[in-house]
Amino acid sequence: MKQAPILITGAAQRIGLYCAKALHQQGHQVVISYRRYRPLIDELQNSGIDCIQADFASAKGVQTFIEQVQGRYSELRAIIHNASDWHADNDSDPDGVFDAMMTIHAKAPFLINQALSPLLCAEKADIIHMTDFVAQTGSAKHMAYAASKAALENLTLSFARKLAPGIKVNAIAPALICFNEWDDAAYRQKTLQKSLLGIEPGEQEVLKTIDWLLSSDYVTGRVIPLDGGRHLNLP
């Protein structure tokens with residue numbers, strides 16, 4: 001019997017892309033959303049990963065995506081909310097930045113969970129929210145972003161309550177996972193010193209956590225920190 005697919009939002013780059021490819025290689029059927037077309041999308045489609053274009057910056061974009069998923073699939077194994085954006089606070093347009101962050105990181109997962117949770121398999125099903133270390137610490141320059149990720153962590157608790165016992169709902173809250181190729185040596189050194197373990201763990205650390213949550217039978221309503229002990233190294 002063909003396995004129900006894992007849906008990963010925002011999985012055409014970085015951590016989401018790594019996890020989509022890895023889960024597909026493990027034998028899972030994988031469906032992803034992407035915001036903008038690039039040649040990589042054709043490669044993913046040809047490899048067997050279903051790619052659906054979606055812009056989660058508007059409720060209309062979210063609804064269109066939901067309808068496409070509902071039209072293509074009758075069941076899902078898991079929903080992993082990885083779609084994200086990272087806007088610094090903008091004094092010239094504070095409303096716009098705040099609304100964009102809340103729409104992408106809180107409203108979109110809320111609407112998708114409400115609409116697609118009925119598709120999640122009865123035997124074993126998961127929702128995983130990708131949040132952020134700053135949801136618990138705040139951020140002086142990215143207040144709207146941090147607040148939206150904190151809202152997503154709270155939605156983790158609410159959906160865990162609502163969807164139990166059939167669906168487990170958890171969050172993963174990373175700090176540094178992998179650098180961008182353009183990050184210079186000084187920035188890398190400064191960032192590595194923020195955690196106790198002092199390493200760049202790589203995308204596989206997120207994948208390991210996803211695999212663990214998918215295999216677990218007794219974890220729900222939890223935020224799993226991936227911060228290398230950074231929470232103990234704050235000034």
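A few ground rules come before the tasks. This is a predicted model, where local features need pLDDT of at least 70, side-chain atom pairs count only at pLDDT 80 or more, and totals for chains, interfaces and linings use all residues. Residues are numbered from 1 along each chain as its sequence is written, and side-chain values use heavy atoms, with hydrogens and water left out.

**Exercise 1. Describe how α4 and α6 pack: what is their crossing angle, and which residues make the contact?**

Step 1: Find the helices. α4 covers residues 94-116 and α6 covers residues 143-163. Helices here are DSSP runs of H or I with at least four residues, strands are runs of E with at least two, and both are numbered from the N terminus.

Step 2: Get the geometry. The two axes come within 8 Å and cross at roughly 15°. That makes α4 roughly parallel to α6. Angles under 35 degrees count as roughly parallel, over 145 as roughly antiparallel, 65 to 115 as roughly perpendicular and the rest as oblique. Axes are lines fitted to C-alpha atoms, for helices over the stretch in contact, and angles run from 0 to 180 degrees between N-to-C directions.

Step 3: List the contact (heavy atoms within 4.5 Å). On the α4 side the residues include Val-97, Phe-98, Met-101 and Phe-110, and on the α6 side they include Tyr-145, Leu-152, Leu-155 and Phe-159. Sorted by class, the contact of α4 with α6 has 14 nonpolar, 4 polar and 2 charged residues. Ala, Val, Leu, Ile, Met, Phe, Trp, Tyr, Cys and Pro count as nonpolar, Asp, Glu, Lys and Arg as charged, and the others, Gly among them, as polar.

**Exercise 2. What does α6 span from its first C-alpha to its last, and what do its buried residues pack against?**

Step 1: Check the span. The 21 residues of α6 reach 30 Å from first C-alpha to last, close to the 30 Å expected at 1.5 Å a residue. The expected span is 1.5 Å times one less than the number of residues.

Step 2: Pick out the buried residues. Among them are Ala-144, Tyr-145, Leu-152, Glu-153, Phe-159 and Leu-163. Buried means under 20% relative accessible area, exposed over 50%, and partly exposed in between, with a 1.4 Å probe and protein chains only.

Step 3: See what they face. The buried residues of α6 pack against α4, β5 (126-130), α5 (134-137), β6 (168-174) and β7 (223-226).

**Exercise 3. Work out how α1 sits against α8: at what angle do they cross?**

Step 1: The axes of α1 (residues 14-25) and α8 come within 9 Å and cross at roughly 55°. That makes α1 oblique to α8, and the crossing is right-handed.

Step 2: In α1, Ile-15, Tyr-18, Cys-19, Ala-22 and Leu-23 take part, meeting Gln-204, Val-206, Leu-207, Ile-210, Asp-211 and Leu-214 in α8. Those residues divide into 9 nonpolar, 1 polar and 1 charged.

Step 3: Look at Glu-205, also in α8 (residues 204-215). Glu-205 is partly exposed, with a relative accessible area of 30%.

**Exercise 4. Is Ile-6 buried or exposed, and which residues does Ile-6 touch?**

Step 1: Ile-6 lies in strand β1 (residues 6-8). With 0% relative accessibility, Ile-6 counts as buried.

Step 2: Leaving aside residues up to four places away in sequence, Ile-6 touches several residues, including Leu-23, Val-30, Val-31, Ile-80 and Leu-214.

Key:
A crossing is left-handed if the near helix is turned anticlockwise from the far one by less than a right angle, and right-handed if clockwise.
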